[in-house]
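Welcome! Here are a few exercises to work through with the structure in view. Try each one before reading its solution.

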Amino acid sequence: MTPVSDASGMGGVPRVGPGEPAAADVAERLAALVRIPTVTPPPGPHPPEVAATFGAQRAALDILYPRVMAHEPEQVGRAGLLLRIPGASAERPVVLMAHQDVVPVPEDWAGEGWEHEPFAGVIQDGWVFGRGTLDDKGALVVMMDALESLLTEGWAPPQDVWVLMGADEESYGDCAVQAAALLAERGVEPWMILDEGGAVTLGAIAGLEGEAAVIGVSEKGIASVTLTVDALGGHASTPPRESAPGILARALRRIETHPHPASVNDVTIEMLEAAGPRITGAMGAVLRRARALRPVLARAMPRLSPEMAAMVRTTTAITQLSGSVGHNVLATRATAMLNIRVAAGSSVDEAVEHIRRVVGDPRVGFALVEASEPSPVSPRGDDPRWALLNEAIASSYPEALTVPYVMLAASDARHLAHLGPAYRFAPLRMDSQQRAAVHGPNEKVEVASLGQGVVFYRALLQGL
Ligand SMILES: [Zn+2]
């Protein structure tokens, strides 16, 4: 794929006029951004071709959203953009976030099952196809369309609106780290932060008919831990009774057979209780009494599916292994990488301590490679932020049931969550097939849903 070197291809995309933009126009603008393959590279300075691609996207944003981009975006991190639309008051600022970068696609994308070329930005039969349509350019476009259309109408925000468009969410998120530092330095205490994460889902909650708008009110922590076992090595013809890989294998086996303790947190209880009345039969009856059945659920949920298990406990995935350099050489060192997702309410220390205890072998060394704690849980119930989110959902997806959840994956919001209450929700409809396509083949979004997404952001902004 050749990166676009300028934004001359944007000429045919209509700009936003007064009033709500037509969903078809929003789709065209999304397709234009999908055609710029902003694949995020690993940490480090951008190679020239990557810098050119992100530069092209910046130029496209300038053309598509001139009124928003007139607010002098400053660069944060490698290609992140942070801007402020001044409000009548700076007392309760909001931070709206969406990231510009996407994950790569394999060279043989057709073999992976893509119906359309991933960076072609094809619009067909009411859908926009391509990498980034859901994660996260779709959300970026509806957020920008809402702002641009409101500014065109002469709307002045009652509160400061900050817009943060990270450029490396998929490779750790240093842009968001730097933006958080800048905001803190300037004394900005966000009243509300809104980023990707949840969505208007279909089929996400077993037994629930219709749409559920799931809003992430916290996200799990992450820790990467290396396990190392050292040994003497030597010739494979005279192996010792216990080898470095053998000792490591025993440790890994113990980790998998002794999972972290399960417990159902309050957010999950609220989610199940809210869904209960919409679910018929025995399942609905159980969920309506979720609070009383907490211990039963903690035992039952991990057996239902890996997702259910991840909802109720800290999880540990064994991701990378290494041993000897040759097939007839004994390993002098065996290593394994663990990717740990820390449950809300627990901590990185607690998670690592559990694993250390379970392994119980002084020959196994532990090193924490990187870590971020679970995010604070943002307010729900009768909190005005939660009410505002509910109103914006009611005006864009009137049939949807709004429920809180703890996000299992990670988002840029975790880097800002210490500054103010963060919510993770993209106002786009996603069925189970679409959710599987995030980071996978055939990522696509419905044109109609893009229109509804703009309605959501407009309602949210007007309700500030
Ligand atoms: Zn994302």
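**Exercise 1.** Are histidine 99 and glutamate 196 buried or exposed?

*Solution.* A note before we start: this is a predicted model, where local features need pLDDT of at least 70, side-chain atom pairs count only at pLDDT 80 or more, and totals for chains, interfaces and linings use all residues. Residues are numbered from 1 along each chain as its sequence is written, and side-chain values use heavy atoms, with hydrogens and water left out. Histidine 99 is buried, as is glutamate 196; buried means under 20% relative accessible area, exposed over 50%, partly exposed in between (1.4 Å probe, protein chains only).

**Exercise 2.** Find the protein donors of the zinc ion and describe their arrangement.

*Solution.* Step one: the donors are His99 (NE2), Asp135 (OD), Glu196 (OE) and Glu196 (OE), 1.9 to 2.6 Å from the zinc ion. Donors are N, O and S atoms within 2.8 Å of the metal (3.2 Å for Na, K and Ca); water is not among the atoms, so sites may look incomplete.

Step two: along the sequence, the donor residues follow the spacing H-x35-D-x60-E. Histidine 99 sits in the loop between strand E3 (89–97) and helix H4 (109–112), while glutamate 196 belongs to strand E7 (residues 192–202), 97 residues apart. Helices (H or I, at least four residues) and strands (E, at least two) are DSSP runs, numbered from the N terminus.

Step three: the four donor atoms subtend angles of 53 to 148° around the zinc ion, so the arrangement is irregular. Four donors count as tetrahedral if all angles lie between 85 and 135 degrees; four count as square planar and six as octahedral if opposite donors are over 155 degrees apart and all others between 65 and 115; anything else is irregular.

**Exercise 3.** In which order do the three strands of the open sheet lie?

*Solution.* The order is E4-E5-E15, with antiparallel pairing. Strands E4 (123–124) and E15 (444–446) are at the edges, each with a single partner strand, so one side of each lacks a neighbour in the sheet. Two strands pair if DSSP finds at least two bridges between them.
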